[in-house]
Amino acid sequence: MNIYISMAILYLLLINTFENAYLFSICFLITMLLSDIIITAIKRFVYPNIRIPVSLMITGTIITIIELIIKKYIPGFYNDIGLYLPLMMLIIYNYDSNDSLKKSLINTFKKAMQYVLVLLGLILVKEILGTNTVTLMDNISNITGYRAIYRILPDNNLIPMPLLVSSGGSFILVGLALGVMNKIKGGNND
Amino acid sequence: MIDLFIGSIFLSNVLLTKYLGIRIDKDKSLTVTILISIITIISSIVNYFVYSLLLKLNAIYLRNLIFILDIVIVSSIVLMIYKLITNNEDDILPVVVSNSLILGVSLFVTSSGYDLINTIVYTIGSSVGYILVMFLFYYMDKELSKRKVLVSFKGYPIMLITLGILCMVLERL
């Protein structure tokens, strides 16, 4: 679980616009579900010592396909976080589980959806506080034909706070958000 | 070259500016950090040669798969030697392989188009920077464990806030 959280935090820190967050979420869900189906299906035939490389290769193949599609159709998104997309394959958390396909798929979907919802919520807050805008369509405007970037609050002295979209501010915001989430859940599952 | 080395340690520290290598596990030993750094250096150099070969063969789309395979092989060899020397039987391969520093540095170096010497300098600088930040963090973590911290903020939330403050300090250098 700790490995999963370590990798998942990377994207919370990295992404700055809501559009990139939902595009990444789609990639993440597709990768997680597809790789989970394939890994669970072939687990019986794989020798336990080489389960990690095999899981990595399967996830890596799916990510390469997604990366090539994104590079061709959404170049803006690829320029923003394209270098970090292959790192998604390091989220190897189910290589040693012995669950059935159905159970494993439900667990993965639950985990992935929890993460995606946290990601979307946090990036939305980060973007509103950091730049006072919400970007719905900018990188994908060459596909949809629309650009949708909305200003949220009227001019004021407090917002935007550029600190929150810098790297130091991102660390602090994510740390605060995780602390608050622990508080709401009641306890610390470190 | 010296600019690149100093810059990769402080100003463009891989952990603080590129977010690579964030490691949250209960085993906070520095041995794993040093092992990860050694594997980063070796695998980046291996990946540099592999990437040049892929460029010649016009097969860059295989980059991710070949890189991760290299990393698993290099990690296995280094950990095997480590186990032989120290007689440590813990299985730390998943922790090492799933660290984003190793793959991230390889990807960054190859996409920046560095030559061999710059690759070696940048990788060593990044590893030194990573060890430095982790050292700083471990001592801060020890200090923080003596102080009163909110229960919900113990562990990785306070680690991230500490890293944020560190990051802001290094940004102003």
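Here is a walk through how two chains pack together in this model.

First, some housekeeping: residues are numbered from 1 along each chain as its sequence is written, and chains are lettered from A, with ligands numbered from 1, in the order in which they are written. The model is predicted, so local features need pLDDT of at least 70 and side-chain atom pairs count only at pLDDT 80 or more, while totals for chains, interfaces and linings use all residues.

Let's start where the chains touch. Chain A brings 38 residues to the contact and chain B brings 39 (two residues are in contact if their C-beta atoms, placed from the backbone, lie within 7 Å). On the chain A side, α1 (2-14), α3 (51-73) and α7 (167-185) each supply at least two residues; helices here are DSSP runs of H or I, at least four residues, numbered from the N terminus. The most comes from α7(A), with 12 residues.

Now stay with A:Val174. Leaving aside neighbours within four places in sequence, A:Val174 is in contact with A:Ile9, A:Leu12, A:Leu13 and B:Leu160.

Next, hop over to chain B. Helix α3 (residues 30-57) and helix α7 (residues 116-146) of chain B pack at about 165°, with axes 10 Å apart. Axes are lines fitted to C-alpha atoms, for helices over the stretch in contact, and angles run from 0 to 180 degrees between N-to-C directions. That angle makes α3(B) roughly antiparallel to α7(B), a label for angles over 145 degrees. Among the residues that meet are B:Leu30 and B:Tyr48 in α3(B), and B:Leu116 and B:Tyr138 in α7(B).

Technical notes:
Parallel < 35°, antiparallel > 145°, perpendicular 65-115°, else oblique.
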